[in-house]
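Notebook open, model loaded. I wanted to look up the charged pairs first, then the sheet.

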Amino acid sequence: MDKYAVGDIVKLKKQHPCGSNEWEILRVGADFRLKCMGCGHQVMISRKIVEKNDRGLTKKQTQDIVG
């Protein structure tokens, strides 16, 4: 099973120029599409770089539907 999923927040080693180091995962595959949680800038980064610079992962909250 893959460690990363769309909607998760990953904390990377280096800061974005806006000062934030937390990124929301928008796309998972050989490359990741990440959105900066500080300014909203989106970037494409290879999986290898994300895995190397990962300093923490926050899973997205799932809502349980009771019916």
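This is a predicted model: local features need pLDDT of at least 70, side-chain atom pairs count only at pLDDT 80 or more; totals for chains, interfaces and linings use all residues.

I started with lysine 35, which counts as partly exposed at 28% relative accessibility (buried is under 20% relative accessible area, exposed over 50%, partly exposed in between; 1.4 Å probe, protein chains only). Its side chain meets that of glutamate 24 in a salt bridge, 3.7 Å from N to O (a side-chain nitrogen of Lys or Arg within 4 Å of a carboxyl oxygen of Asp or Glu). Lysine 35 is in strand 3 and glutamate 24 in strand 2, so the pair ties together parts eleven residues apart in sequence (strands are DSSP runs of E, at least two residues, and helices of H or I, at least four, numbered from the N terminus).

Residues are numbered from 1 along each chain as its sequence is written, and side-chain values use heavy atoms, without hydrogens and water.

I searched the whole structure and got four salt bridges. One of them joins lysine 3 to aspartate 54, with the closest N and O atoms 3.2 Å apart. Lysine 3 sits before strand 1 and aspartate 54 in strand 5, so this pair links parts 51 residues apart in sequence. Lysine 3 is partly exposed at 47%, whereas aspartate 54 is buried at 14%.

Then I checked the sheet: five strands, open, antiparallel, in the order 4-3-2-1-5 (two strands pair if DSSP finds at least two bridges between them). Strands 4 and 5 are the edges, each pairing on one side only.
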